Amino acid sequence: MLAAAGKSQSAPAAAAKTAKPGTPAATRPAQPAPAAQIVPTSPDQDLFKLAKGLFQDGLYENAAGQFRRYLQEFPQGANREEAGFLLGRSLYLIQDYPGALAVFTDELPAAKAFRDQILFYTGECAYLLHQDERSVSAFRQLLESYPKFSDADRAKRRLAQIAYRQGNRNLALGAYARALGFYQQAGSPPPDLEPLIWYKTGECLFRLGRLEEADTALKKALATIVSSDPDTAGLVMFRRAQLLAEAGRPEEAIPAFQEFLKANPRHPLAAAAHQAIARAYGERDDFKAAAAYLREQGPIQAVEQASQAFESARDHFLLGEYADAEKILKGLTQGQADPELRALSFRLLARVYVEEDKAAEAARLLKGWSQADPGRVDDARRLEIAEFLFQSNQLAPAETLLQAISPGAPASLADRADFLLAETRFRRGEPAAAEKDYKNYLARHPAGPSVPEAWLRLGEIKAQQGDDAGAIEVLRKATPAGADPEILIRGYGLLAESYRKQGLVDSALEASEAQKKLLPQLASAEEQALVRQAELYFRKGDYEKGLAIYAELAGQGQTSRHLDYRWHQGFGLYRLGRLEEANSVWQELAAGPEESSANLARFWLARLQAEAHDFAGANATLQAIVTDEADFAAGVRWQMGRNLEALGDYAGARQTYQELKQTCPDALVDTRGRLLAVALQNEDYQGYVERVESALGSAPVSFSEAELLARVRAAANTKDEAELNRWARALLLVAVEEASVEEAAFRQAALKIYQDQREEGLKDLEKILDEDPATPFADEINLYLGEELWRQSRCDLALARLKGLDLSQGGPERIARILFMTGVCQGKLGHTQEMVQNFSRLITNYAGYSSFLAERLQVGIALKLAEEYDLAITAFEQALEQEEDRAVLAEAQYWIGECYQAQGDDHRAITEFMKVSYLYPEQAIWSTTAKYQAATILERLGQYQEAVRLYEMVVKESQNSKQEAFAKQKLEAARQKLGGKPQK
């Protein structure tokens with residue numbers, strides 16, 4: 001493995017391990033084997049085969065050149081028509097739309113076999129170049145001549161998009177009649193465009209004063225909107241209510257606005273709707289009602305928003321979407337929310353942290369809360385915080401909190417606190433104090449849930465003290481029939497050991513046999529690993545993979561844990577939208593004997609029923625749930641209240657929430673927000689006002705296109721996906737400028753990439769660029785796409801994206817990143833001169849850029865291979881200045897030595913090599929190899945004594961390896977030279 005002396009020496013194999021993927025090899029690459037001999041057929045066939053092969057391999061730019069050559073050299077060739085078509089396709093695929101359109105235009109008159117596809121791509125190129133009339137002409141000719149064309153639906157979609165685009169343009173100019181004509185030309189548009197076109201049609205008719213027709217169009221828009229797009233539905237409902245108000249029909253407008261508000265209480269236009277209702281009262285000359293209405297609606301924002309935010313976080317928690325729940329709850333714990341709501345938020349956030357395996361963070365959070373707001377920390381909160389501290393092994397503060405719990409605490413709370421106090425002292429290694437606490441627990445709570453475990457701990461303590469007889473007596477009390485299998489298994493194991501020490505072999509065997517029978521009830525290590533993997537897949541949102549694991553585990557038995565796997569199987573099906581299968585799984589569990597899995601299944605069956613608008617059936621299912629778990633019981637009651645709201649039974653909902661508030665004050669739900677909402681829904685304005693603590697008096701506002709775009713940008717900057725999607729959908733309907741819609745789509749796609757929805761986000765970006773190559777976001781999109789291609793090592797395609805980027809835009813970090821990726825691609829493609837230019841610019845002008853420090857090493861190695869040693873040394877020295885990883889530092893220092901050696905500066909090379917040994921002695925591979933290289937230089941310079949000394953060190957440091965054998969040979973040769981020519 002050690003390198004040979006001289007310029008052509010190879011670097012250690014460890015370079016490949018330390019350097020990042022894509023790092024050039026330290027040695028010059030071996031010459032490629034000669035290509036296989038191709039037997040020629042005919043020149044035109046060979047050339048066409050070459051061109052088509054390049055096309056099929058995705059090398060479209062190269063393919064275009066060969067197709068052009070074919071058309072020039074063989075204008076009457078057998079593959080003439082296909083070559084012309086594929087030339088156009090190649091140009092289309094490298095986004096040279098003007099060039100592609102010119103080729104398709106030339107090919108169309110004589111086209112036969114490919115005429116349908118040439119018509120299609122003519123329409124596509126014209127569309128992308130915004131030559132709408134030409135695009136429409138090509139697509140219509142295609143659909144008339146080839147109605148069964150494979151991409152006929154895509155052609156129809158383009159026609160609809162063109163009509164929609166032209167309509168938007170004319171709508172912006174105020175030419176509503178012309179815009180209306182274009183929307184009507186859209187014919188039968190695809191499902192995603194249909195509601196938008198009906199909405200815009202209604203908008204034009206509304207502006208033209210054709211109110212009845214506008215009303216009809218808006219109703220059709222509502223009828224075609226999918227249920228998964230409530231924000232779009234809300235905007236259409238709002239516009240229809242506005243239409244009724246403008247038509248002088250306040251009696252219809254008021255309920256229309258109220259319907260909008262009922263369906264969309266948090267919609268961006270909710271405040272404008274409240275204002276419009278008050279205005280409608282005024283138009284009826286009922287100014288008193290108008291003033292009262294505005295006064296009553298004034299304070300809704302603050303109280304409702306915080307409550308709804310918590311409700312949303314709780315839903316995310318229930319669905320296992322912990323990252324989303326965490327983001328909302330952090331805002332509530334840090335904001336100015338009501339103290340009760342903040343307390344709930346702290347507690348739920350701690351639960352989220354525990355689910356994310358961050359118990360220590362949960363403990364710190366609750367501890368900080370208790371210090372900041374001690375007045376709200378009662379016995380229940382002290383126990384809760386102590387639990388988290390115990391889980392994160394912070395035993396001293398946990399013990400302090402447990403000792404502070406009052407003597408009059410409820411029985412269940414006192415039970416857990418007493419047992420946890422004993423556990424804390426046991427874990428701290430205080431057996432005498434723990435033994436006393438366990439005995440105290442058993443005396444105070446003889447029927448407590450932790451009695452078997454307390455006996456187990458006492459037996460364990462006695463066994464540790466060498467009192468095996470006492471241990472046996474106690475442990476037999478820890479293993480009663482029906483105890484938890486884990487306790488029994490541990491208890492029988494300790495019993496067997498104590499019997500063995502007492503010489504009671506038969507009893508020991510009997511206890512071991514009992515333990516063996518119980519072992520199958522617990523998950524094996526392999527099963528636990530699978531469960532953990534499935535949980536991680538679910539957390540990432542990869543429900544397909546998680547579902548497959550849970551399905552496999554559920555089929556391996558009928559114990560309570562296997563039923564739990566079965567429930568998770570149903571949950572995975574639910575998240576994948578396979579609702580009938582989820583329903584079947586949960587129906588089966590709900591009818592089973594296992595109470596916990598049956599209750600959970602009933603809860604989710606009720607959710608399915610509610611989603612199908614069977615709210616009465618959902619409540620009947622929920623009423624069958626009986627549980628002692630406070631939070632779960634509260635969740636059930638909460639859901640029943642929401643279902644009653646949906647049924648319009650506001651009195652019943654109010655009663656349910658009031659009972660919940662009284663019976664489950666410690667539950668992780670907040671009833672105040674729902675009581676306020678019910679009061680409004682029931683038109684109980686006096687009750688509403690009584691429940692509001694303070695009036696905000698915020699003035700209602702409406703939203704212009706510019707304001708919506710500003711909100712899109714704000715949501716993108718804060719990485720708030722839900723808000724971004726909400727405002728983007730609103731913008732899509734009210735915008736008349738294509739640039740606004742494009743920006744919203746771009747920001748949504750970019751956020752997906754940031755949130756690890758990489759593949760989906762990149763597809764969305766490609767779609768934006770396909771539909772508008774001249775988009776102002778082309779540069780940023782090409783950077784995203786180029787970086788992805790670079791990650792995939794598709795260097796030719798990545799380079800095509802990266803080379804066209806405008807380096808005058810963006811900060812130095814962006815420029816440095818582009819220069820780096822471009823240089824790597826050029827190096828891999830053999831464009832050495834261009835690579836050197838880019839890397840030279842990178843290390844000369846952007847030495848302080850910090851995003852990719854470790855890749856300085858890669859830049860230096862690439863420059864060294866290009867024999868640009870001075871630049872390489874600069875890159876390695878920058879890595880030494882900016883890197884902290886000692887392995888990387890040692891490697892960089894080693895390459896500096898090799899650069900000086902390659903330049904013939906032997907003495908400087910020796911110095912740099914020895915720095916590796918002196919500065920990074922623990923980095924053995926680099927240190928040893930650097931000594932070896934220094935020794936070879938010394939030997940060549942005739943300094944044999946120093947060479948021998950270094951070779952001896954290398955032999956010692958590389959024992960039992962090939963390095964040792966090779967170094968020994970060099971050592972013997974140097975010793976012989978030393979003996980023949982003594983050193984001065």
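Modeller: Buried here means under 20% relative accessible area, exposed means over 50%, and partly exposed is in between (1.4 Å probe, protein chains only). Keep in mind that this is a predicted model, where local features need pLDDT of at least 70 and side-chain atom pairs count only at pLDDT 80 or more, while totals for chains, interfaces and linings use all residues. Residues are numbered from 1 along each chain as its sequence is written, and side-chain values use heavy atoms, with hydrogens and water left out.

Biologist: Which residue forms a salt bridge with Glu912?

Modeller: Arg908, with the closest N and O atoms 2.8 Å apart. A salt bridge here is a side-chain nitrogen of Lys or Arg within 4 Å of a carboxyl oxygen of Asp or Glu.

Biologist: And how many residues apart are Arg908 and Glu912 in helix H49?

Modeller: They are 4 residues apart, so about one helical turn separates them. Helices are DSSP runs (H or I, at least four residues), strands are too (E, at least two), and both are numbered from the N terminus. Arg908 itself is partly exposed, at 33% relative accessible area.

Biologist: What does Asp906 pair with?

Modeller: Asp906 forms a salt bridge with Arg940, and the closest N and O atoms are 3.1 Å apart. Asp906 lies in helix H49 (residues 906-919) and Arg940 in helix H50 (residues 924-940), so this pair ties together parts that are 34 residues apart in sequence.

Biologist: Is Asp906 buried or exposed?

Modeller: Buried, at 12% relative accessibility. Arg940 is partly exposed, with a relative accessible area of 48%.

Biologist: How many salt bridges are there by that rule?

Modeller: The count is 35. Among them is Glu972 with Arg975, at 3.2 Å from N to O. Those two sit 3 residues apart in helix H52 (residues 962-980), about one helical turn. Glu972 is partly exposed at 40%, and Arg975 is partly exposed at 36%.

Biologist: Which residues are linked in a network of salt bridges?

Modeller: Glu124, Arg154 and Arg158 are.

Biologist: Switching to Arg607, what does that one touch?

Modeller: Arg607 touches Asp315, Leu318 and Tyr574, not counting residues up to four places away in sequence; contact means heavy atoms within 4.5 Å. Arg607 is found in helix H32 (residues 595-611) and is buried, at 14% relative accessible area.

Biologist: Now the cysteines. How many disulfides are there?

Modeller: The count is 0, taking a disulfide as a pair of cysteine sulfur atoms within 2.5 Å. For Cys825, the closest cysteine sulfur is in Cys795, 4.0 Å away, which is too far for a bond. Cys825 is buried, with 0% relative accessible area, and Cys899 is buried at 0% as well.

Biologist: Last topic, holes. How many cavities of 30 Å³ or more?

Modeller: The count is 1, and the largest cavity holds about 30 Å³ of space. A cavity is a set of points on a 1 Å grid over the protein atoms alone where a 1.4 Å probe fits but cannot get out, and lining residues have an atom within 4 Å of a point.

Biologist: What lines the largest cavity?

Modeller: Glu721, Leu724, Asn725, Gln748, Leu751, Lys752 and Gln755. Helix H39 (721-734) and helix H40 (738-754) each supply at least two residues of that lining.

Technical notes: 1 Å grid on protein atoms, 1.4 Å probe; cavity = no way out; pocket = protein on both sides within 12 Å on 5 of 7 lines; lining within 4 Å. Points joined across faces, edges and corners; volume = space filled by probe spheres on them.
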